[in-house]
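Please walk through the following structure step by step, beginning with the terms and then moving from the whole chain to single residues.

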Amino acid sequence: MEHDNSNQNEHGIANFAALKTAIANGEEQSIKELLPDEPMQELEKSYLIDLAKLTNNHAIIQLLEDIPVKK
């Protein structure tokens, strides 16, 4: 079981890195494809929103704000 969890975590980290790059480059379509299906940690979500605000892309900021947060 632990091995699966590790792979999932590595995928999550790679996915998060790809998401940061897509946000920095303003790649809205890539962001839609990379957004996780499950809720995100509040810290990760706020980091991505802050990153999107640097590029001032309102469509991307809205996409990120719509992500559910882990309770």
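A residue is called buried when its relative accessible area is under 20%, exposed when it is over 50%, and partly exposed in between, with a 1.4 Å probe and protein chains only. This is a predicted model, in which local features need pLDDT of at least 70 and side-chain atom pairs count only at pLDDT 80 or more, while totals for chains, interfaces and linings use all residues. Residues are numbered from 1 along each chain as its sequence is written, and side-chain values use heavy atoms, with hydrogens and water left out.

The confidence of the model comes before its details. The predictor's confidence in each residue is given as pLDDT, from 0 to 100. The protein chain has an average pLDDT of 88, and 89% of the residues score at least 70. Confidence is lowest in H1, with a mean of 77, and highest in H4, at 96.

Next comes the overall layout. Helices (H or I, at least four residues) and strands (E, at least two) are DSSP runs, numbered from the N terminus. The protein chain contains four helices and zero strands, so that the order of its elements from the N terminus on is α-α-α-α. Of the 71 residues in the protein chain, 27% are buried. The chain exposes about 5,100 Å², and carbon and sulfur atoms supply 50% of that area; accessible areas come from the Shrake-Rupley method with a 1.4 Å probe, and for residues only the protein chains shown count as cover. A contact means heavy atoms within 4.5 Å. Among contacts between residues at least 6 apart in sequence, 62% join residues at least 24 apart.

Which residues have the most contacts inside the largest nonpolar core? They are Leu19, Ile23, Ile31, Leu35, Leu48 and Leu64, in a core of 17 residues. A nonpolar core is a set of buried Ala, Val, Leu, Ile, Met, Phe, Trp, Tyr and Cys residues joined through side-chain atoms within 4.5 Å. The elements giving two or more residues to this core are H1, helix H2 (28-34), H3 and helix H4 (58-65).

Leucine 19 belongs to helix H1 and is buried because its relative accessibility is 1%. Not counting residues up to four places away in sequence, leucine 19 touches Ile31, Leu34, Leu35, Pro36, Met40 and Leu48. Alanine 22 is also found in helix H1 (residues 2-24), and its relative accessible area of 1% makes it buried. Beyond residues up to four places away in sequence, alanine 22 touches Glu27, Ser30, Ile31 and Leu34. With neighbours within four places in sequence left aside, isoleucine 23 is in contact with Ile31, Leu48, Leu51, Ala52, Thr55, Ile60 and Leu64.

Two loop residues come next. Methionine 40 is in the loop between H2 and H3 and counts as buried, because its relative accessibility is 5%. Setting aside residues up to four places away in sequence, methionine 40 touches Leu19, Lys45, Leu48, Ile67, Pro68, Val69 and Lys70. The C-alpha atoms of methionine 40 and lysine 70 are separated by 5.5 Å, although the residues are 30 apart along the chain. Asparagine 56 lies in the loop between H3 and H4. Is asparagine 56 buried or exposed? At 52% relative accessibility, asparagine 56 counts as exposed. Asparagine 56 has a positive phi of about 55 degrees although it is not a glycine.

The structure holds one aromatic pair. Phenylalanine 16 and tyrosine 47 form this pair, which is tilted, at 6.1 Å centre to centre and 35 degrees between the planes. The pair links distant parts of the chain, with phenylalanine 16 in helix H1 and tyrosine 47 in helix H3 (residues 42-55), 31 residues apart. Rings of Phe, Tyr and Trp (its six-membered ring) pair if their centres lie within 6.5 Å; planes under 30 degrees apart count as stacked, over 60 as edge-to-face and the rest as tilted. Phenylalanine 16 is buried at 18% relative accessibility, whereas tyrosine 47 is partly exposed at 40%.

The structure also holds one salt bridge, meaning a side-chain nitrogen of Lys or Arg within 4 Å of a carboxyl oxygen of Asp or Glu. The side chains of lysine 32 and glutamate 28 meet in it, at 3.8 Å from N to O. About one helical turn separates lysine 32 and glutamate 28, because they are four residues apart in helix H2. Lysine 32 is partly exposed at 43% relative accessibility, and glutamate 28 is partly exposed at 29%.
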